[in-house]
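Have the structure open as you read.

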Amino acid sequence: MSQESKAVDPAAEQAAETLKSMSEAQGAAVESEDDSGPEGPASAGDSTAAAASTAEASKKKGKKVSKRKKLKDALTRDRDPQAEIKKAIGGLTPQQISELVQLNPALAQEIAAENNARAGSSSGGVADASDILKTLSLEDIMTGLASSGKNVKDMASYKFWSTQPVMKFGESQDKPIEEGPLKVQKIEDIPTEPAPLGVQGFDWVTMDLTQESQLKEVYELLNGHYVEDDEAMFRFKYSTSILQWALMPPGWKKEWHVGIRGGKSLCAFISAVPVQMRIRGKSIKGSEVNFMVVHKKLRNKRLAPVLIKEITRRCNLEGVWQAIHTAGIVLPKPASTCRYYHRALNWQKLWEVGFSPLPPNSKPAYQIRKYAVPDQTSTRGLREMQLKDVGAVQSLLKRYLDKFELTPEFTSEDVEHWLLNKNGKTGDQVIWSYVVEDANKQITDFFSFYCLESSVINNQKHQVVRAAYLFYYATEAGLTAPFDPKATKVRLNALIADALILAKRYKFDVFNALSLMHNGLFLEQQKFGPGDGQLHYYVFNYRLNPIAGGVDKKNRLDEDHLSGVGFVML
């Protein structure tokens, strides 16, 4: 693939680009019949982001877009927002200040604390918020900012991230930088005990997920408090099966499943799993951090920073100094930014629950026909992956991932765990993987997708949206030298068309994918619509040059500059 790609990095853009995305996220909420609009709300895990309602959003579109447009205009009237930040903030109305703060809960907590300190009470007002915002840099305001309401989540404020070994906004903007660790430490310098929580009645705990009762506690905390869209219509519904799959891969460590208890109740959680990752030419022993959740009633206790610091400490004690994580919000500093895309499989249901809108001047019958898929697959030699295929799939996947700049390095044990279904055809099945075997019994292609359901809140007819998420794939067609994008495109479209048929067969309602890997070669052709969310990739304690996310600076799919991201995170 082309090495001339530039990563979409909204965090490093001027305020005009950052806040413009807030407006565009809403403006993109209505799909058009020529497939140019969003198919539905974007979202996938955090590691953070949830399925959101574009239908309900479309009802309020005029009002919301108007507000966000005013906010964008006020903050983007100057070409140099860093120098003109005071002037820009001064031009915001109280309502616009309120909207901006709502999109950044960590910043909201900092403003509230400052107001309390100034006023000696909890009665600080909007005027105080405006004054405080004027004292901050653009980077401070952007840290923790969500591009749309459904991505809002407290991932700690600019004050916390300014103390961490992460890249700063503006680094690697003008010229390439030397890549490598930002901070070098020794295990003997790491504290052997966690820092005090500083909250009376709360204690650190290590969760033992081999115990059904403790696994259930994590399950209940995530399902009640993890990620929910801004209209409170959808919430991720994690099964115990997917948690075991996600949190207990080869080499998993009990000590990396960290909780905070208040009395007998689990009220916060964060996890990490070991991963060998490759950043361009360097192989790095790291961790994949995910599933950070805090009980809704405790989100004013500033537990996010202490969770992050504690999982960092525990990883460091194992000699692990780098970590990869994702978020739907802006932090310092994304290594890459991808966009979500959605393909309706059961459009009628998605419309009824408010996930997909009915485009203007269209009818439900047309949309149902538009998203219909054939009953039978068409790829000769396609079959379910079996244990005997692990070696061949591992070899094919490794060679394919070598084409990308940020990837995991899978062993055979990893491939067996992540790609092989061991639950049979039951309601507990998490992963679906298929291989293509040619006439010589050689594996030439494979693809996979996993299941993550979302609960539908306050809907009388439907309780769950069943979503398939595209996972890893590879094809020999994409391994020619030089790379043949046309042949790869033809083959991937055939494979993904069959993946959609199989997902429909297994009662999935929607098929989700990001703009990573070579997905730009088939997303539009297979009627995936752009969602209204982004997923930012971060590498903790590592300086690296931007990696293409598969979209251009206007957040549109860029087939000519495909993504360099080959890491699919849950």
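Predicted model: local features only at pLDDT ≥ 70, side-chain atom pairs only at ≥ 80, totals over all residues.

1. Residues are numbered from 1 along each chain as its sequence is written, and side-chain values use heavy atoms, leaving out hydrogens and water.

2. The whole structure holds 25 aromatic pairs (rings of Phe, Tyr and Trp, taking the six-membered ring of Trp, with centres within 6.5 Å; planes under 30 degrees apart are stacked, over 60 edge-to-face, the rest tilted). Tryptophan 347 and tryptophan 351 are stacked, because their ring centres are 5.3 Å apart and their planes at 20°. Tryptophan 347 is buried at 2% relative accessible area, while tryptophan 351 is partly exposed at 32% (buried is under 20%, exposed over 50%, partly exposed in between, with a 1.4 Å probe and protein chains only).

3. Now look at tyrosine 450 and phenylalanine 471, an edge-to-face pair with centres 5.5 Å apart and 80° between the planes. Both are buried. They also belong to a cluster linked by ring pairs, whose members include Trp245 and Phe410.

4. Which ring does the charged end of arginine 466 sit over? That of phenylalanine 508, 4.3 Å from its centre (NZ of Lys or CZ of Arg must be within 6 Å of the ring centre and within 35 degrees of the ring normal). Lysine 253 does likewise over tryptophan 256, at 5.7 Å.

5. Lastly, just after H17, lysine 507 has a positive phi of about 70° (helices are DSSP runs of H or I, at least four residues, numbered from the N terminus).

Key
Helix = DSSP H or I, 4+ residues; strand = E, 2+ residues; numbered from the N terminus.
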